[in-house]
Structure formats: structure tokens, C-alpha cells
Amino acid sequence: MKNLKIFGILLAISLAFVGCGNVSETTAETTVETTVETTVETTAETTAEVTGEVTEEAYVANYPNGYDYASSDVLQHVTLGDYSALKVELAASEELSAEELAEIIFYYRSQYSVVGDPITNRAAILTDSVNIDYEGTLDGVAFEGGTAQGQTLVLGNGGYIPGFEDGIVGMSVGETKTIDATFPEDYGVENLNGKTVQFKITLNSISPSVLPEYNDKFVEDNFAEYGMTTVKQFEEYFKSDYAYSLLEQKNKAVLEVITASSKISGYPEGLIEDYVNQQISSEKEYAEMYGVSFEEYVSMGYGIEFAEYEKNVRQSAQNMVAQEMVIYAIAAKEGITVTPEDLATEIANYLVYYDYSSEDELVEAMGMSKELFQNSVKFSVTYNKVLAILRDNTTFIFTK
């Protein structure tokens, strides 16, 4: 289970880097904090037009099968920073804590809880199922998505931003009060990231929840199809899951730090434009699906003006290309290569993970050329080898 999961993660990473993925910053599940800003010199490609209009003509990629860094001279534009002794702070714990594991167990027990009849003779407590109305405001102004009526939730389930559910604990039926709650820094909506907002909450009802006993029978009854039949297996799965999440946080952090300390004087012509247009094309499909203009979609989805969105997409694409260049520059410096055996092993891993019997079947299912797929896999191998060196050269400071 461990190995298979990381293969899926790495394929997603490699597809994004070589030009098949979404190039927006995806930080919803990442709690890495670094004190280094990513600053890259740009003397080559610096513009790629982003428009809000959905055009009839499809964008033609400059590098439909990915960019071949190994065979180009573009790495002469990279001056690597010193990566011999890095130091990185992570807003995470070194392993899944007992408290975090208890929260996970509570969450899954609550998914199988039995809700009793409504009561009015006491205040709300953790594990209660409550029905509420709420209105969220930032600096006194209601924000999009922050108001709802008749919402039911289990207190302690963790389905809302920090502070929200805790604010309901102790309320009585019919009571209305205003609480503070803070959005995560990486919430994903520009005007709400890291902001403390106010929620006016009315508690409509309280229904006690009876949670199932946590034992082997609970695990077997509900998770046998996932290969777990004991409490030990259940807990080991989430410990392993956390370890993989932490590995990705480490990778992201060290790559940001070394990219920030490196200097790049030029980029492959047209590659940033490819990445920008991949992002735009993907987002436009969603806008069309929802039947709104692209500008409206950006406003609703990101909470920012279209001009700011354009700027963010371009910066994100440039950052991605910069990271690719740094990865390949380190690979060249360290003499890292992808052997036929490396390629065959990684492809075999993907076939197992995605449950396909042949590479051709997998490539067809993914809707890409065989050349692009193999370039993606080669990048995955290179990425693994480079990041292993960077992690070995890094002292990680865990702040949780």
C-alpha cells in the first residue's frame, strides 16, 4: 500500500512538470513554511497573453511531448545556489502525533454514528449533530460562500475552518452569537487566505450522536474492502499516509529553497506560454461546464480580479519552469541519469498502481502520446533522485 501510493503522487508531479498538469499553486494540503521568497531573474521569455475570452481556435503547444532539458543548452542559464547544507522549517510534526491520530479516529467513528432525537435540555457538546444558520463577514462585509441556512454538522468532525465548530460548543437551542474563526493561509481564496472572519451563528437544534465503539470489529465491518480488519492496520495506514504527506512537504520546501537561492537568466522559448495556456484551457472548460464567462468563473472560484488571476497564472508557470530547470541542473551536476532499467521499473510500478497490463493501454487511457508518457516517467525518476540528495543535505526543523 505504501509504495503504490507514492507512485501515484510522483506521476501527478511528473505530468505537471513536463506539461500535462495544472500549473496553479496547489497548497490546500501543504503546511510548509519557509522564510525564503522565490525570486528568479528573467531575461528571456517574460510574457504570454492570457485572455478571458473562450476562443474557437485551440492552443497549439510548443512542446506537446514535453521539453527535453537534457538535450538542450538551456541549463547554461542556471546558476545553482548552494545546496550542501540547507535548513528548512516545516509547520508539521515529525510523525503523526497521538492527538492527530485520535482526531482521525474520531472523524471516522463519527461517520458511522447514530443520531438520536433532538434535545433542548442542555448545551451543545462535541459529537453532537447540530443544525445551524450562519453568516460570515470579513471587516463587516459578507463574503461569498460564507452564508447558509439549515446546515447540519457533527461537532468535532473537522469539516469547517478552525474555530468554527469550537464556537458552537456550549450554545443552546435558539441561541445566536458571533464567533471568530480563521481561514488557513493556503485556503485557496485570495481574499480569505489567513484572514480572521466573524460568523453570526444561530443554533436551530441539537441531536446527540452515539459513536460506535472503536475496536477490530468496527474496522472490519467498515474498512475490510480497503484491506483493513484490525485497529492496528487501521492506525498504521494513517501513520503511513502521514509519512507520505510529510515527504511531499519536505520535497516542496527544499525545492522552493534551492530555487529561490538559484539564479535563472533565461527560459526555454515558449515553455512558460505552454504552461500558462494549459492552466487557462483547463479553467475555461470548467467555466463552460458551469455556464459562466471565464471572468465570472475566476471571480467566483478565486475571489480575485481577473488581472490578478492573470498575474498569478504567469508567475505560477514561471515558478514551475524554474523548478524544472533547477532539478535538471542538479541532475547534471550530480551525474544523475535515467537508465533503461530505471525507466522499465518505474513504468512497471505505474502499471501496478493503475491496474493496467501494458504501457500502451495505460497511455491510451491517459490520452497522451507514448513519448510524453515516457518523458513524464523519466522526469519522475530524475525528480526522485534529485530530491533524495536535497533531503539528505537538509536539516528539517519541525515546528508542531
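Trainee: Of the contacts in the protein chain with a separation of 6 or more, what share is between residues 24 or more positions apart?

Mentor: That share is 77%. Keep in mind that this is a predicted model.

Trainee: OK, and how many helices and strands are there in the protein chain?

Mentor: The chain has 11 helices and 10 strands.

Trainee: What percentage of the residues is buried?

Mentor: Of the 400 residues in the chain, 42% are buried.

Trainee: Where is confidence lowest, and where is it highest?

Mentor: Helix α1, residues 2-18, has the lowest confidence, with a mean of 41. The highest is in helix α4, residues 216-223, at 97.

Trainee: Switching to packing: at what angle do α5 and α11 pack?

Mentor: Helix α5 (residues 231-261) meets helix α11 (residues 370-392) at about 80°, and their axes are 10 Å apart. An angle from 65 to 115 degrees counts as roughly perpendicular, so that's how α5 and α11 sit to each other.

Trainee: Which residues make the contact?

Mentor: From α5 you have Leu247, Glu248, Lys250, Asn251, Val254, Leu255 and Ile258. From α11 come Tyr383, Leu387, Leu390 and Arg391. By class, that contact has seven nonpolar, one polar and three charged residues.

Trainee: Last topic, backbone. What's the phi of Asp139?

Mentor: Asp139 has a positive phi of about 55°, and it isn't a glycine. Most residues other than glycine have a negative phi.

Trainee: Where is Asp139, and is it buried or exposed?

Mentor: Asp139 is in the loop between β4 (129-138) and β5 (141-154). Its relative accessible area is 71%, so Asp139 is exposed.

Trainee: And what about the phi of Asp355?

Mentor: Asp355 isn't a glycine either, and its phi is positive, about 60°. Asp355 is in the loop between α9 (340-354) and α10 (359-366), and at 69% relative accessibility Asp355 counts as exposed.

Definitions and conventions. Residues are numbered from 1 along each chain as its sequence is written. This is a predicted model: local features need pLDDT of at least 70, side-chain atom pairs count only at pLDDT 80 or more; totals for chains, interfaces and linings use all residues. Side-chain values use heavy atoms; hydrogens and water are left out. Helices (H or I, at least four residues) and strands (E, at least two) are DSSP runs, numbered from the N terminus. Buried means under 20% relative accessible area, exposed over 50%, partly exposed in between (1.4 Å probe, protein chains only). Contact means heavy atoms within 4.5 Å. Axes are lines fitted to C-alpha atoms, for helices over the stretch in contact, and angles run from 0 to 180 degrees between N-to-C directions. Angles under 35 degrees count as roughly parallel, over 145 as roughly antiparallel, 65 to 115 as roughly perpendicular and the rest as oblique. Ala, Val, Leu, Ile, Met, Phe, Trp, Tyr, Cys and Pro count as nonpolar, Asp, Glu, Lys and Arg as charged, and the others, Gly among them, as polar. pLDDT is the predictor's confidence in each residue, from 0 to 100.
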